[in-house]
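Biologist: I have the model open and a few things to ask about it. Let's go through them one at a time.

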Amino acid sequence: MSRVLMKGNEAMALAAIKGGCDAFFGYPITPQNEIPEYLSEHMAKEDRVFVQAESEVAAINMVYGAGGAGARVLTSSSSPGIALKQEGISYLAGSEVPCVIINVMRGGPGLGGIQPSQADYNQITRGGGNGDYHLLSYAPENLQEAVDLIKQSFDKADAYRNPVMIAVDGLLGQMMEPVDLERTPDSKQRERKEWATDGDAGRRGKANTIVSLHLDPNKLEEHNLALKEKYDRMVENEQRYERLETEDAELVFIAYGSTARIARSAVESLREEGYKVGMIRPITLWPFPENAFKKLPDTVHTLLTLEMSLGQMHQDVKIVNQGRYHLDLYARTGGVVPEPEEFIEKAKAILKKEDAA
Amino acid sequence: MTEEKVIIAGFGGQGVMLMGQLLAQAATHEGMHTTWFPSYGPETRGGTANCSVVFDNHPINSPVVSVPDSLLILNHPSLAKFQGKLKEGGVLVVNTSLVEEKDLRDDVRIIKVDANQKALEIGNLKVANMVMLGAYVKASGIFSRESLLKVFKERFTGEKQKLLEMNTRAFDAGMELAAD
Amino acid sequence: MNSDTVYRPKQGLTDREFHYCPGCTHGIIHKLVGEVLTEQGLIGEAIGVASVGCSVLNYVYFDCDMQQAAHGRAPAVATGIKRVRENHAVFTYQGDGDLASIGLAEAVHAAHRGENITVIFVNNAIYGMTGGQMAPTTLIGQKTTTSPFGREKEGTGEPLRVSELLATVPGAAYLERVSVHDPKHVRKAKKALEKAFDTQMKGKGFSLVEFISTCPVNWGIQPRESLDWAVENMIPYYPLGVFKDPEKEEEDD
Ligand SMILES: Cc1ncc(C[n+]2csc(CCOP(=O)(O)OP(=O)(O)O)c2C)c(N)n1
Ligand code: SF4
């Protein structure tokens with residue numbers, strides 16, 4: 001194992017190169033600037049494409065073009081920029097063009113702030129643009145996991161012909177920690193994309209088109225149902241999560257990304273003090289890992305959602321819970337990063353109340 | 001070792017980010033777990049800049065440090081901002097060239113370093129951060145001198161190689177000051 | 001300003017201290033805008049639009065109504081304001097990333113419609129706020145964090161000259177490029193602002209003053225050198241002068 005100390009944004013950029021990224025299009029925005037900065041140097045050295053677009057609107061449309069032409073394409077941005085990209089993301093999903101999008105979230109709404117946040121959860125998991133669609137979205141907890149997921153994300157995008165979103169926040173983007181870039185294999189999968197508008201109609205013997213327009217409602221419904229079938233396959237096969245110390249837990253935290261990192265500290269401290277606390281950590285935000293909530297032990301009485309947004313993921317927890325357990329929420333937002341002590345205090349209050357009852 | 005949480009603070013341009021990165025790099029070499037997290041945004045330019053570094057033999061959860069075990073303070077505004085957070089009995093390395101000593105806490109272990117003065121004697125104000133770093137490395141005893149020198153050699157390459165010698169001297173001077 | 005005046009307290013600005021880096025000329029440009037609005041008696045009714053860039057917070061500096069716009073959209077926001085507040089001086093204050101990159105469409109179309117607004121356009125050949133990335137105005141060979149080998153014509157194009165570009169748009173009425181690197185040029189720059197607001201208040205259409213500005217921090221040089229750098233490198237490529245003037249056009253008719 002060879003570990004190198006890297007900044008999150010740079011490690012993610014390098015992982016994209018190792019995942020087979022052919023082209024990057026982006027626009028500067030804090031706290032993700034090190035991604036385009038790193039790629040401006042290293043994509044050139046690798047003889048791959050780097051373009052700084054004039055805006056996020058332009059950048060995502062460049063992604064649409066290059067992805068349509070069969071390339072493995074990456075763009076990255078942060079919340080307000082991702083908001084601008086929604087139109088293009090909807091086109092990408094609608095016309096089934098694969099790509100990878102990294103969102104280094106910051107506080108909102110509007111210009112908001114630049115500190116870490118998870119307030120784009122709804123935007124990520126509910127589509128964000130117009131129409132019935134979903135993004136396969138991953139929320140790594142540390143840089144190693146981010147690197148491993150990004151390396152596979154181009155394969156996933158190609159396999160489903162769908163955009164893949166990597167959702168992190170300013171904390172993971174800006175921090176440094178050692179990563180092993182060889183822990184998972186580099187992507188070697190380079191099948192020819194027979195559907196691509198890559199100017200190879202002569203060989204193919206037929207011209208390809210990439211469109212999201214279907215004027216006949218019956219045709220569009222058919223298309224939507226075909227997409228739905230694809231999303232169902234993702235729900236079936238792509239749910240990822242971690243269950244930590246849930247075997248005898250009374251209280252289970254639900255947390256992802258940076259928040260899960262901090263919650264992990266809280267679980268460890270609480271366990272040391274003898275409290276029966278565990279955690280479910282969604283790694284995919286969409287599909288939401290419903291499977292993680294199956295077969296929880298009888299000891300569980302409460303699920304506590306912890307997030308850096310005001311209860312956005314909590315809605316999904318409510319849906320999967322279906323009235324089984326007590327639910328509670330502890331949320332910080334606006335760029336405030338919670339401390340483990342806050343989670344510990346909240347957990348103790350819940351456990352005390354439950355004991356008294 | 002048990003977890004060591006450090007905050008390094010000064011004003012933009014004093015090289016506090018680099019100090020943290022050098023420590024994190026040394027920790028990486030020694031096979032430890034480590035995280036480095038900077039303050040980021042426009043305020044890091046004119047104003048104060050700081051970074052949090054954590055070392056541990058176990059995987060590290062939060063890179064955000066609320067109660068540091070050690071604090072490296074390079075200017076006065078940073079003292080006001082961070083001193084109160086330092087854990088009781090923790091290590092406080094202060095750059096007395098820019099910090100008023102009368103305001104220092106008395107329930108912590110204080111290492112006074114006249115870093116700017118020392119750096120000027122060595123020949124360049126810019127290496128004041130390395131004097132501070134040397135003092136911390138000595139005081140904490142977590143890293144060996146060799147471990148940091150190895151990182152210096154990796155960092156100061158090409159154009160920057162000429163800086164290696166002066167930075168090493170500054171680092172050593174800091175170690176000596178902390179030994180007194 | 002008579003020639004004995006060495007320094008005058010700020011006019012048209014609040015008491016808040018600027019957050020700009022040492023040697024940044026954003027501050028001088030703010031002072032000029034505040035002065036002109038005050039001297040023309042407009043400050044009480046003016047409505048400014050702050051954009052996204054280092055000057056994003058200028059709504060706390062200008063002592064008039066200010067609205068903060070999304071990145072690049074300030075001319076569209078100003079259009080909305082002006083259409084419902086016709087008699088008010090409406091201005092935007094935008095950097096070169098904001099105006100010449102993400103917001104070029106909004107700028108061109110505001111000019112194209114002949115919107116009666118004044119655009120203060122600050123060209124420092126770089127993205128200041130996000131830490132020094134390449135802007136459309138970055139000079140050939142200039143190193144930035146996203147043009148680490150120096151900007152090359154191939155693939156990133158040649159620097160965009162916004163004033164010259166807008167001069168081809170019929171709706172643009174007054175266009176001038178100025179610099180603030182010495183007192184003489186500062187005085188000239190002030191005259192340009194006076195003319196721009198005058199153009200707006202007389203209802204003659206879109207006005208824009210382009211300022212050659214500095215960014216020592218992201219250019220990686222000392223404040224003093226940055227003024228020289230602007231004079232030696234920017235002005236030869238971005239020549240100072242008037243590119244469109246409604247009065248001249250009347251004379252020509
Ligand atoms: C939609 C969106 N994309 C990106 C950003 C990030 N951003 C903030 S300021 C800026 C560039 C500003 O540069 P410029 O207009 O040249 O002004 P300067 O900072 O140099 O004064 C960018 C890209 C944003 N706020 N919103
Ligand atoms: S970064 Fe550049 S443009 Fe921004 S305030 Fe500093 S010098 Fe001015």
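Biologist: Is K230(A) buried or exposed?
Modeller: K230(A) counts as buried, because its relative accessibility is 4%. Buried means under 20% relative accessible area, exposed means over 50%, and partly exposed is in between, with a 1.4 Å probe and protein chains only. Before going further: this is a predicted model, where local features need pLDDT of at least 70, side-chain atom pairs count only at pLDDT 80 or more, and totals for chains, interfaces and linings use all residues. Residues are numbered from 1 along each chain as its sequence is written, chains are lettered from A and ligands numbered from 1 in the order in which they are written, and side-chain values use heavy atoms, with hydrogens and water left out.

Biologist: Which residue forms a salt bridge with K230(A)?
Modeller: E96(A), with 2.9 Å between the closest N and O atoms. The pair links distant parts of the chain, 134 residues apart: E96(A) is in the loop between helix 4 (79-94) and strand 5 of chain A, and K230(A) is in helix 9 of chain A. A salt bridge here is a side-chain nitrogen of Lys or Arg within 4 Å of a carboxyl oxygen of Asp or Glu. Helices (H or I, at least four residues) and strands (E, at least two) are DSSP runs, numbered from the N terminus.

Biologist: And how accessible is E96(A)?
Modeller: E96(A) has 22% relative accessibility, so it counts as partly exposed.

Biologist: How many salt bridges are there over all chains?
Modeller: The search of the whole structure gives 50. In chain C, K190(C) pairs with E39(C), the closest N and O atoms being 2.9 Å apart. K190(C) lies in helix 7 (residues 183-201) and E39(C) in helix 1 (residues 26-39) of chain C, so this bridge ties together parts that are 151 residues apart in sequence. K190(C) is buried at a relative accessible area of 7%, and E39(C) is partly exposed at 40%.

Biologist: Which residues are joined into one network by salt bridges that share partners?
Modeller: E141(A), E145(A), E242(A), R264(A) and R281(A).

Biologist: Changing topic. Where does ligand 1 lie?
Modeller: Between chains A and C. It is surrounded by 21 residues, and the closest are E56(A), C54(C), D96(C), D98(C) and G128(C). A residue counts as near if one of its heavy atoms lies within 4 Å of the molecule.

Biologist: What does that shell look like by class?
Modeller: There are 10 nonpolar, 8 polar and 3 charged residues. Ala, Val, Leu, Ile, Met, Phe, Trp, Tyr, Cys and Pro count as nonpolar, Asp, Glu, Lys and Arg as charged, and the others, Gly among them, as polar. The largest share of the shell, 3 residues, comes from helix 3 (residues 96-102) of chain C.

Biologist: Which side chain has an N or O atom 2.4 Å from an oxygen atom of ligand 1?
Modeller: That of D96(C). Oxygen atoms of the ligand also meet backbone atoms: an N or O atom of I126(C) at 3.1 Å, and a polar atom of M129(C) at 2.9 Å. The protein covers 97% of the 600 Å² of accessible area that ligand 1 has on its own. A polar contact with the ligand is a pair of N or O atoms within 3.5 Å, and accessible areas come from the Shrake-Rupley method with a 1.4 Å probe.

Biologist: Now the backbone. Which peptide bond has omega near 5°?
Modeller: The one from T30(A) to P31(A), and it is cis. P31(A) is in the loop between strand 2 (23-26) and helix 2 (34-45) of chain A. Another cis bond joins G108(A) and P109(A), with omega about 0°.

Biologist: What is phi of A125(C)?
Modeller: Near 60°, a positive value in a residue other than glycine. Most residues other than glycine have a negative phi, and most peptide bonds are trans. A125(C) is in the loop between strand 4 (118-123) and helix 5 (153-156) of chain C, and it counts as buried because its relative accessibility is 0%. R161(A) also has a positive phi, near 45°, and is partly exposed with a relative accessible area of 22%.

Conventions:
Polar contact = N/O pair within 3.5 Å; in protein donor to acceptor, adjacent residues only side chain to side chain.
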